[in-house]
Amino acid sequence: MDKTVTRRATYNGFLLHMALNKSPWRLFLSPLLPVGLALYALKIWDRARLKQFAQMLLIGHRVPPEKFARYLESHADLVVGKNVYPQLRERVAEEKAAGYRHVMATASYRLYVEAIAHRLGFDDVIATNLATNSSGHVLARIDGHNCYDAAKLDLVKAWMQAQGIKREDCYIRAYSDHVSDAPLLSFADEPFATNPHGPLTQMAKANGWTILDWR
């Protein structure tokens, strides 16, 4: 989703939206975020751990789901209103007319992605899930895998199996801006390097993949 569907990454915006609306005092903890970034840069933490750390600081370790629900729709309105490529909307409309089923596969949290995907006409979402405790509180902990790199392809395959979709019976288009999605792009019948960064541009040219640049 980020930088393929949207112009800018959405995770930090989601954290800030939640902090401003739910607990503005948590913004005073934001100076601690560079600690997590440093640990990630040093490869002591992976992306999942960094995301969990940022969520714990700006939203909280455990949050009642109704406190999330109160602000997810307004966050989705902001993203769709100001941060989505118009070419994406046109592409989805064209493909729907051709009979395509649209699935948003993203490392972003399902918690906030579903409202965005629904507004853009996507039929299904494959995303990173957050754990909950026995009382239903949403935790600052990823449940299962961060939907990123090879794990994203694994989750796509698991979703297809759950839907009863056989690989040989479907024609898949895949769109991504980042080289981390090489496994998914290689899996597709028609891969599109969309608003690609440098390494993906090189990979796309080497493999003969179509390059779309909406920037």
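Strand β1 (residues 62–63) is joined to strand β4 (residues 138–143) by 2 bridges, and the two strands run antiparallel. Here, strands pair if DSSP finds at least two bridges between them, while the elements themselves are DSSP runs numbered from the N terminus: helices (H or I) of at least four residues and strands (E) of at least two. Within this pairing, Arg62 has Leu139 of β4 as its bridge partner. The model is a predicted one, in which local features need pLDDT of at least 70 and side-chain atom pairs count only at pLDDT 80 or more, whereas totals for chains, interfaces and linings use all residues. Residues are numbered from 1 along each chain as its sequence is written, and side-chain values use heavy atoms, with hydrogens and water left out.

Strand β4 also has β3 (residues 124–132) as a partner, in the antiparallel sense and over 3 bridges. Thr132 stands opposite Val138 of β4. The hairpin of β3 and β4 has 5 residues between the strands, and Gly136 takes a positive phi near 90° there.

The parallel kind of pairing can be seen in an open sheet of 3 strands, in the order β5-β6-β7. Its edge strands, β5 (173–176) and β7 (210–212), each pair on one side only. From one strand to the next, the twist averages 25°. Between β5 and β6 (residues 190–194) there are 4 bridges, and Ser176 finds its bridge partner in Ala193 of β6.

Two helices accompany this sheet. Helix α5 (residues 86–97) packs on the sheet and touches β5, β6 and β7, its direction making about 175° with that of β5. Contact means heavy atoms within 4.5 Å; axes are lines fitted to C-alpha atoms, for helices over the stretch in contact, and angles run from 0 to 180 degrees between N-to-C directions. Helix α9 (residues 198–207) lies across β5, β6 and β7 and runs at about 145° to β7.

Strand β2 (residues 103–109) holds Ser108. Is this residue buried or exposed? Ser108 is buried, with a relative accessible area of 6%, where buried means under 20%, exposed over 50% and partly exposed in between (1.4 Å probe, protein chains only). Leaving aside neighbours within four places in sequence, the contacts of Ser108 include Met1, Asp2, Lys51 and Ala127.

What about the cysteines? A search of the whole structure finds 0 disulfides (pairs of cysteine sulfur atoms within 2.5 Å). For Cys147, the nearest cysteine sulfur is that of Cys170, 17 Å away. Cys147 is buried, with a relative accessible area of 0%, and Cys170 is partly exposed, at 23%.

Finally, the second largest pocket contains about 220 Å³ of space. A pocket is found on a 1 Å grid over the protein atoms alone, as an open set of points where a 1.4 Å probe fits, with protein on both sides within 12 Å along at least five of seven lines; lining residues have an atom within 4 Å of a point. Grid points are joined across faces, edges and corners, and the volume is the space filled by probe spheres set on the points. The lining of the second largest pocket has 13 residues, and Gly13, His75, Leu78, Val79 and Asn83 lie nearest its centre. Elements giving two or more residues to this lining are α1 (11–22) and α4 (65–82), with the largest share, 5 residues, coming from α1.
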